[in-house]
Amino acid sequence: MQKQKEQEIVIGKHVFGNLFDISPKLISDLKFIQDAVTSAASVGKMHIIKTISKKFKVKGSSENGGVSVIALIIESHISVHTWPESGYATVDIYSCGEDADPYKAFSYLVKALKPKHYKRYFANRSNK
């Protein structure tokens, strides 16, 4: 009789949240958000493959709109989306692998963006 091979455990940690009452000037600055995402990846021991970014305009206005920065990382992804007109941002960090620390990356982004308050959530994305 053959011994059944134990199913491999997929380690997936998903930390995400909403950040409120942030300086509109800060979260409409594409370069600042790009740099913050790059630093957050480093702090969280994640390795960026490629980053894509987009700056938006407020419809029907000359005001700067929000930005979206998405980093494809070896371990999965980091994304930040902002709405300066509401002082609001969302952060999503999903990582696989035991060494990556999405909590540290999330905390770094909170410190960088300086919201007056935020909500953080966690989902275990493992197969057990």
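Biologist: Hi! What covers the buried residues of α3?
Modeller: Quite a list: the cover includes β1 (12–20), α1 (24–27), α2 (30–43), β4 (76–83), β5 (88–96) and β6 (117–124). Bear in mind that this is a predicted model.

Biologist: OK, and which residues of α3 are buried?
Modeller: Those are Pro102, Ala105, Phe106, Leu109, Val110, Ala112 and Leu113. Looking down the axis of α3, the buried residues fall within an arc of 165 degrees, so they line one face of the helix.

Biologist: Nice. What caps the N-terminal end of α3?
Modeller: Asp101 does, with a side-chain oxygen 3.1 Å from the backbone nitrogen of Tyr103. After the helix comes Lys114, which has a positive phi near 55 degrees.

Biologist: Switching to the sheet: what order do the strands come in?
Modeller: The order is β2-β3-β4-β5-β1-β6, an open sheet of six strands with antiparallel pairing. β2 (48–57) and β6 are at the edges with a single partner strand each, so one side of each has no neighbour in the sheet. From one strand to the next, the twist averages 10 degrees.

Biologist: How many bridges join β2 to β3?
Modeller: Eight, with the two strands running antiparallel. One of the pairs is Ile48 with Ile73 of β3.

Biologist: And where do the helices sit on that sheet?
Modeller: α2 touches β2, β3 and β4, and its direction makes about 25 degrees with that of β3. α3 lies across β1, β4, β5 and β6, at about 15 degrees to β1.

Note on methods:
Residues numbered from 1 in each chain as written. Predicted model: local features only at pLDDT ≥ 70, side-chain atom pairs only at ≥ 80, totals over all residues. Heavy atoms only, no water. Buried < 20%, exposed > 50% of the residue type's maximum accessible area, 1.4 Å probe, protein only. Helix = DSSP H or I, 4+ residues; strand = E, 2+ residues; numbered from the N terminus. Arc of directions from axis to C-beta. Contact = heavy atoms within 4.5 Å. Polar contact = N/O pair within 3.5 Å; in protein donor to acceptor, adjacent residues only side chain to side chain. Pairing = 2+ DSSP bridges. Axes fitted to C-alpha atoms, helices over the stretch in contact; angles between N-to-C directions.
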